[in-house]
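Dear colleague,

Here is the structure I promised to pass on, with my notes on what I found in it below. Please read the notes with the structure open beside you.

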Amino acid sequence: MSDSHGHHRPRPESEPALRAAALEALLVEKGLVSSDAIDAIVELYERDVGPQNGAKVVARAWTDPAFRERLLADATAAVDELGFGGAEADTLVAVPNTPTVHNVVVCTLCSCYPWAVLGLPPTWYKSPPYRARMVAEPRAVLREFGLELPAEAEVRVWDSSAEVRYLVVPVRPAGTDGWTEDALAALVTRDSMIGTAVPAAPGPAS
Amino acid sequence: MSAPRPGGTAGLAEVDAALAGLAPLPRDNGELVFEEPWQGRALGMGVALLAQTGASWAELRRHLVAAIRARPHDPGESAATAYYAAWLDALEALLADQRGAAP
């Protein structure tokens, strides 16, 4: 019988990992890429999307009525104008808040989210309680987020899907006349574009 | 639109636009899926290579789509592993093109 002098090789890396390492070594040797450049690209891509894109869309809509009109008519195309088109064939729909209508977005089935404009969804967006309760009792949930809506305001809950995703366009806060787009964009939070918050009006420096 | 990028390399939106429909990057609700570090390196190598050699996204996409179609389906392999293994195939094919075109 065979004895037990097995080969104690280190645990092998996966085959594609070895291929990738060999290819990288070759490209570096040929001077075609540097490992630092690859690091930089990977790091950049992992944090490329964020709510700042959506904030710019909203700020543009606040300052440019023609853009707002295009955004509400076809948000996918309007967002693309600013260079924030997502991959895939997702349809983006912009839903505008007014003094009497408050929109809020949920995905009851899973966690569909307009990531091309809002980046990655917050954990609570994916949580079963949010997904279930936002439909059943939106006012109560919004109150828990600290958002007390006037009794006369109508709450509209939008259920995202893989095909259609929603971006809430909040009401421009009072006291921001003459502000630049950049300054306005800084007021637009992620949650205000999901509809669980509204942008804070600028107050006296606090 | 986003943070400064290393010289001339494509932003993620450009990559998405180039691959849309045919060979989109694997994502989980927007977040790129890299199950192992080599998958990110495969993507990064491709982007860096195009910036450096001037090869076009159309060429890379053509090789990538061909590689995805040609790869035997392995039920034990995750979608991201299969996808980025096809990237490696495509990068090798792109390099072979360039060798062929070299004087």
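In what follows, helix axes are lines fitted to C-alpha atoms over the stretch in contact, and angles run from 0 to 180 degrees between N-to-C directions; helices (H or I, at least four residues) and strands (E, at least two) are DSSP runs numbered from the N terminus. This is a predicted model, in which local features need pLDDT of at least 70 and side-chain atom pairs count only at pLDDT 80 or more, while totals for chains, interfaces and linings use all residues. Residues are numbered from 1 along each chain as its sequence is written, and chains are lettered from A and ligands numbered from 1 in the order in which they are written.

The axes of H2(A) and H2(B) come within 8 Å and cross at roughly 110 degrees, so the two helices are roughly perpendicular to each other (65 to 115 degrees).

In helix H1 (residues 12-19) of chain B, B:Leu12, B:Ala13, B:Val15 and B:Asp16 are buried (20 or more other C-beta atoms within 10 Å of a residue's own). Seen down the axis of H1(B), these buried residues fall within an arc of 160 degrees, so they line one face of the helix, and they pack against H2 (35-46) of chain A together with H2 (37-53) of chain B. Just after H1(B), B:Gly21 takes a positive phi of about 85 degrees.

Finally, in strand S4 (residues 164-169) of chain A, five of the six residues are buried.

With best wishes

Key:
A residue is buried if 20 or more other C-beta atoms lie within 10 Å of its own, exposed if 12 or fewer, and partly exposed in between; C-beta atoms are placed from the backbone. The arc is that of the directions from the helix axis to the C-beta atoms. Two residues are in contact if their C-beta atoms, placed from the backbone, lie within 7 Å. Angles under 35 degrees count as roughly parallel, over 145 as roughly antiparallel, 65 to 115 as roughly perpendicular and the rest as oblique.
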